[in-house]
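I opened this notebook to keep track of what I look up, one entry at a time. Have a look at the structure with me before reading on.

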Amino acid sequence: MAPKKPCTNGFMVFTFEWKAKYGKQISLRDATAEAGKIWANMNMEERSPYNEKAKEEKVKMRKGGDKLTCVGTSISQMDRHKLELEQKEKQIKRIIEQTVRNSVKDGELEHKAYFFITVNYFTKTLKGHVYIPAELSVCEYSLKQGVSRIFHTLINPGTNVYGHQYEAQHHSETTHNLPLPPNAMGDENLGTIYNEVLKFLGATDEYPPLYTVRENIHIVVSVLDFLKSDIRASNITLNVYPIQYLFYVMKESTCEQGELEKPKSFHITDALFERDCFEYQSGIACQFHEDKDKSKYCTQSIVTRWGYMFSDYMCHDIAVPLIAGRHIPQNTNLEAIITPAPAGCSYTNSLLSLATSSNYSYKIVADSKLYYDDNETTVSSSNDNKTSYTNNFPALGSRKNIPTPAGQRPGSSRSRRDYEEEYYSVLTEDIRPELNPWATRSLRPKPPQPADSWFNVTSNRSRDQDNDADSPIYSFGRGRHLPSINEFNANTSALGPGRLP
């Protein structure tokens, strides 16, 4: 039977702490002797913290200690860490909601400026999980002015990535394609870069928070700490919040001001934000990535595209006019963007059409209407009892209503050829059938009959096309009907492959 562990007292707690700080090179026996001299000169007030720790350890020993995971981590410690993260996330959400609500209350919703940030890195170290920075961009955005300012820089960390060369090379080739240290591009003064970011934010007392995607917050925080570790950097900590939740709260506010239906939950706005329709937009990245055709991974392009997405889904809710190059790409045709006042919720529709060369760009709104530049097609909503169409398609030509002949019921059965003859009888001469693909489809020539083969069977029975519907047809081969017995009892002229005896 294993001996019972002696209970820890305040003096032993003090001894272990003293040895960890001042007596690392001496033995425990010598450390106990030296700590005993100091302990003897301490009063009860100075000894009380160590005695309290000893009592806590005694309680733990009586209860059998904390339960551990398979890797030796205390379960209670993990629960406390999880609770702290949940409370921190709730606090961040409250801060974002309060910021947007204050802007609405002050009438500054469209003028309130927000700062978006994103970074590129070379690799992550195994010790400390530090991300070595390679590129950084920050932009200032508001609903009124769009992307008004951008700060972009390439970073040379100045240290070789020993032991991580393969990971860094693979990450660079698959993403930003920046050269690795010591051949890295950009500024080597890390403290200067951090100070320039603070100067770009333009605050003196309290700096505004930065927003980035939720899954990259820890990367941005690590890069900012890496820059701040330089001796020339200011000792100011910047807060980084999730941009997806900002997108959700701002979308709620714009819908409320525009008297539109709000999004049901943040999952909808998260899906909209992930739908990056400007992902392959050219002309918004830095010169290096434009030359390398890697603008998709450029940090300057990413923050600019975030601003475009905010404008695309929110500006039309509160009737903010779009500015080319700030709310939308520079080469976008503003005349092709139709911004009607929808009657329902519009959070599922994108305002912008990227087909700048199109003459009939359209947008689907909540009341099921298609808006064209030159013509308009109105489609009744699904709530109507009867669906009716008034079509005037610009590419398909006009259509005219075919009147129902006298004495003929609308629901009576008529052949398809009768309807086609009646349709072309009311067409004018200037409208040719070939302009309407829906009509010419039925006038295409029938395919030629296949050549005779050994599988042809001559039958004395004649079948009319109208009688086909009276006989049952079953699936046999490639859509062939199952032949009856009489067809195979017919006399054949000769025997051969595929013939019946």
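**Entry 1: a term before I start.** The axes I use are lines fitted to C-alpha atoms, for helices over the stretch in contact, and the angles run from 0 to 180 degrees between N-to-C directions. I also note that this is a predicted model.

**Entry 2: α1 and α2.** I began with helix α1 (residues 10-22) and helix α2 (residues 28-40), whose axes come within 9 Å and cross at roughly 115°. Angles of 65 to 115 degrees count as roughly perpendicular, and α1 and α2 are therefore roughly perpendicular to each other. I noted a right-handed crossing where α1 passes α2. Next I looked up the residues that meet there. From α1 come G10, F11, F14, T15, F16, W18 and K19, and from α2 come L28, A31, T32, E34, A35, G36, I38 and W39. Sorted by class, this contact of α1 with α2 holds nine nonpolar, four polar and two charged residues.

**Entry 3: the sheet.** In what order do the five strands of the open sheet lie? I read it as β3-β2-β1-β4-β5, with mixed pairing. At the edges stand β3 and β5 (240-242), and each has a single partner strand, so one side of each is left without a neighbour in the sheet. On average, neighbouring strands here are turned by 35° against each other, direction ignored.

I then followed one pair along its length. Strand β1 (residues 114-124) and strand β2 (residues 131-142) run antiparallel and are joined by nine bridges. As one example, I looked up F115 and found its bridge partner in β2 to be E140.

**Entry 4: helices on the sheet.** Helix α4 (residues 75-105) lies across β1, β4 (210-212) and β5, and I have it running at about 85° to β5. Helix α7 (residues 217-228) also packs on the sheet, where α7 touches β1, β2, β4 and β5. The direction of α7 makes about 105° with that of β2.

**Entry 5: L238.** Is L238 buried or exposed? With a relative accessible area of 9%, L238 is buried, because buried means under 20%. Not counting residues up to four places away in sequence, L238 touches Y194, V197, L198, L201, Y207, L210 and L224. I also checked L238 against E206: they are 32 residues apart in sequence and 9.5 Å apart in space, C-alpha to C-alpha.

**Entry 6: H164.** Where does H164 sit? I located H164 in the loop between β3 (146-154) and α5 (165-174). H164 counts as buried, at 13% relative accessibility. Leaving aside neighbours within four places in sequence, I listed T123, K124, T125 and L126 as the contacts of H164.

**Entry 7: α8 and α11.** On the α8 side I wrote down I243, L246, F247, M250, K251 and T254, which meet W306, M309, F310, Y313 and M314 in α11. The residues of this contact divide into nine nonpolar, one polar and one charged.

How values were computed. Residues numbered from 1 in each chain as written. Predicted model: local features only at pLDDT ≥ 70, side-chain atom pairs only at ≥ 80, totals over all residues. Heavy atoms only, no water. Contact = heavy atoms within 4.5 Å. Helix = DSSP H or I, 4+ residues; strand = E, 2+ residues; numbered from the N terminus. Nonpolar A, V, L, I, M, F, W, Y, C, P; charged D, E, K, R; others polar. Buried < 20%, exposed > 50% of the residue type's maximum accessible area, 1.4 Å probe, protein only. Parallel < 35°, antiparallel > 145°, perpendicular 65-115°, else oblique. Left-handed = near helix turned anticlockwise from the far one by under 90°. Pairing = 2+ DSSP bridges.
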